[in-house]
Amino acid sequence: MTLNRGSGSRRSALAGIIGFTAVSLAGLSACQQVDRVVQQFYDCDDIYGVVSGPDGSEAGVSIIARTTDLTAGPDPSESTLSVSELAEIEFVRVPGPEAGGSVVSILEDSWRSWFVGMPTVIHDGRSYRMYFNAERLPAEGESTYVTYLNNSRIGSAVSTDGVHWEVLDMPVLTQGAVGAFDQNGVTHPHVLYENGVYRMWYGGIDGKQAKNLVRCERIGLAESLDGVHFERVGEVLGLGPTGAYDDVQASGPAVLRIGSRYLMWYQAYSLTYEHKLMLAESRDGRSWSRLNGSRPVSGLAPEGIDVLGPSVVY
């Protein structure tokens, strides 16, 4: 199988999971060997992401890595790259100015004092914009699980070179209204910039949980004209029926617009099947229909291995 490398990757982005090494691109499992990097393709030779490992940055920081191995001729848009070739690519970290060589790090006594990660990066014609998940440290006497259920927010940062980032003082998206699908928190942002509008698909947390304490998440959409002030559109992809692959979580979206339709790869979770990736389509980015008979995308990993954190490049 091959992965087609088109020039439209500037508006493609990734939502990653810190510490998860099985990365999928365009529905394919690849790059498991890349030193625990959860990757984000930006141009044909740049990869951004989140890393954790015994010798790398600590969990909760974002880093940038770059390779030139993806350039396979004078016209990359006409070239293809096999999965085996992609898995052999070597990446070199580009040192950032923050903790551990990261480009965005935690900040003490703030809304991002415990964790930052799961970045999505776009270029809007003027600058790079990063949207990321963040959580604060648990308050005194508060359990980490309560924090996990109630304190996830989405922050943003701006850069002219992809390495030096200015993080906005406040999150750009926080908990929704009482009773909403995202009343307890927001996570896993993915942003496209289209016709002057920033469109953010994200996971909404309502505070409910499965029997094994995995939190329930559904996918929502928010839009902005300036990339900072977002207005919620609402829930756009809910949970599947009881017994479905996504009856506990539908979250972590990775969205592409191809021609007149949108495609969304998202992470699904159920107590029976655990983590899988599923696919949905839409004509407007708001009303979505599950594809593949509401079954997971196949061929990503051996049976019994969790698959989540999709990254898709077209």
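Which side chain meets E223 in a salt bridge? That would be R286, at 3.2 Å from N to O. Keep in mind that this is a predicted model.

The two partners come from distant parts of the chain, 63 residues apart: E223 belongs to strand 15, while R286 lies in the loop between strand 19 (276-282) and strand 20 (288-290). E223 is buried, with a relative accessible area of 18%, whereas R286 is partly exposed at 38%.

The structure has 12 salt bridges, and here are some of them:

| Salt bridge | N to O distance | Residues apart |
|---|---|---|
| D206 and R218 | 2.8 Å | 12 residues |
| E223 and R286 | 3.2 Å | 63 residues |
| R261 and E281 | 2.7 Å | 20 residues |

D206 in strand 14 (residues 197-209) pairs with R218 in strand 15 (residues 215-224). D206 is buried at 9% relative accessible area, and R218 is buried too, at 17%. R261 in strand 18 (residues 261-269) links up with E281 in strand 19; R261 is partly exposed at 31%, as is E281 at 24%.

Zooming out, the chain has 2 helices and 20 strands, and 57% of its 314 residues are buried.

Now for confidence. Mean pLDDT is 79, with 74% of residues at 70 or more. Residues 1-63 stay under 50, though the model gives them 212 contacts beyond four places in sequence. Residues 68-76 are also below 50, with 14 contacts beyond near neighbours in sequence.

Technical notes. Residues are numbered from 1 along each chain as its sequence is written. This is a predicted model: local features need pLDDT of at least 70, side-chain atom pairs count only at pLDDT 80 or more; totals for chains, interfaces and linings use all residues. Side-chain values use heavy atoms; hydrogens and water are left out. Helices (H or I, at least four residues) and strands (E, at least two) are DSSP runs, numbered from the N terminus. Buried means under 20% relative accessible area, exposed over 50%, partly exposed in between (1.4 Å probe, protein chains only). pLDDT is the predictor's confidence in each residue, from 0 to 100. Contact means heavy atoms within 4.5 Å. A salt bridge is a side-chain nitrogen of Lys or Arg within 4 Å of a carboxyl oxygen of Asp or Glu.
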